[in-house]
Amino acid sequence: MTKLSELEAILFIVGEEGTTIEELSTLLTYTREETTALVAELAASYEANANTALHLFETEKQIVLTTKKELAPIVKRYAQGTSNTLSQAAIETLAIIAYKQPITRSEIELIRGVQVSGAIQRLTAHQLIEEKGRVEGPGRPILYGTTSHFLDYFGLRSLNELPNIQDIERSLEEDAPLDLFFDGVHEGENI
């Protein structure tokens, strides 16, 4: 067995949760520097080999063995047979959590204006959010935040890579007319 095959075996076994350089160093009994170089070598070998579906994805803290992005269509076809899709309510709830975390269910409901316990259950089941603690106060409500799986799922290395919400709002304001009623009136309609 080679050092690369040992590394690959561990990454395969840990699955979608991934692992850290520190954990790999301990398991492989290599220094942190040797392990980092080994991870870089394995990642480069995957990228150079068109006959492998594997790719190493690194987040802020985790290293995860994944499939290459180019294979997304075939993976998507396989996954379409399952009920892994998220509802619009779940996606909106996830966006609020991603940008406002840590956040309680009642704070999310204030923003959305509707009850979100079902969306939270679904997002938790999909391992996209998790409990991050509890508020010190009456009832000690749960604080929710995103998981490392969330980062992996959306191809982000850290939450800093989320799109800037102010830029999105400005873009939407530029694209949408300010007043739909008056825009129609100015186009020659009589009152």
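1. The lining of the second largest pocket is made up of 2 nonpolar, 8 polar and 6 charged residues. Ala, Val, Leu, Ile, Met, Phe, Trp, Tyr, Cys and Pro count as nonpolar, Asp, Glu, Lys and Arg as charged, and the others, Gly among them, as polar. The model is predicted, so local features need pLDDT of at least 70 and side-chain atom pairs pLDDT 80 or more, while totals for chains, interfaces and linings use all residues. Residues are numbered from 1 along each chain as its sequence is written, and side-chain values use heavy atoms, with hydrogens and water left out.

2. This pocket holds about 390 Å³ of space. Of its 16 lining residues, Lys132, Thr146, Thr147, Ser148 and Leu151 lie nearest the centre. A pocket is an open set of points on a 1 Å grid over the protein atoms alone, where a 1.4 Å probe fits, with protein on both sides within 12 Å along at least five of seven lines; lining residues have an atom within 4 Å of a point. The volume is the space filled by probe spheres set on the points, which are joined across faces, edges and corners.

3. Which elements each supply at least two residues of this lining? They are strand 4 (129–134) and helix 8 (148–153), and helix 8 gives the largest share, 3 residues. Helices (H or I, at least four residues) and strands (E, at least two) are DSSP runs numbered from the N terminus.

4. Strand 4 spans residues 129–134, and two salt bridges (side-chain nitrogen of Lys or Arg within 4 Å of a carboxyl oxygen of Asp or Glu) involve residues with numbers in that range. Glu130 pairs with Lys132 at 2.9 Å, N to O, and Glu131 with Arg134 at 3.7 Å between the closest N and O atoms. Glu130 is partly exposed because its relative accessibility is 35%; Lys132 is partly exposed at 42%, Glu131 at 45% and Arg134 at 38%. Here buried means under 20% relative accessible area, exposed over 50%, and partly exposed in between (1.4 Å probe, protein chains only).

5. Another salt bridge joins Arg140 and Glu136, with the closest N and O atoms 2.9 Å apart. Arg140 is partly exposed at 37%, whereas Glu136 is exposed at 69%. The whole structure has 6 salt bridges.

6. Tyr99, Ile165, Ile168 and Leu172 form a nonpolar surface patch with about 330 Å² of accessible area together. Helix 9 (residues 165–175) contributes the largest share, 3 residues. Ile165, in helix 9, is partly exposed because its relative accessibility is 33%. Patch residues have over 30% relative accessible area and no salt bridge; nonpolar side chains (Val, Leu, Ile, Met, Phe, Trp, Tyr) are joined within 5 Å, like charges within 9 Å. Areas are Shrake-Rupley values with a 1.4 Å probe.

7. Ala119 sits in helix 7 (residues 117–125) and counts as buried, since its relative accessibility is 13%. Its C-alpha atom is 8.7 Å from that of Leu86, 33 residues apart along the chain.

8. Most residues other than glycine have a negative phi, and most peptide bonds are trans. Gln101 and Pro102 are joined by a cis peptide bond, with omega about -10°; Pro102 lies in the loop between helix 5 (88–100) and strand 3 (103–104). Positive phi values occur at Thr29, near 55°, and at Gln127, near 60°. Thr29 is in the loop between helix 2 (21–28) and helix 3 (32–48) and is exposed at 68%. Gln127 is in the loop between helix 7 and strand 4 and is partly exposed at 42%.
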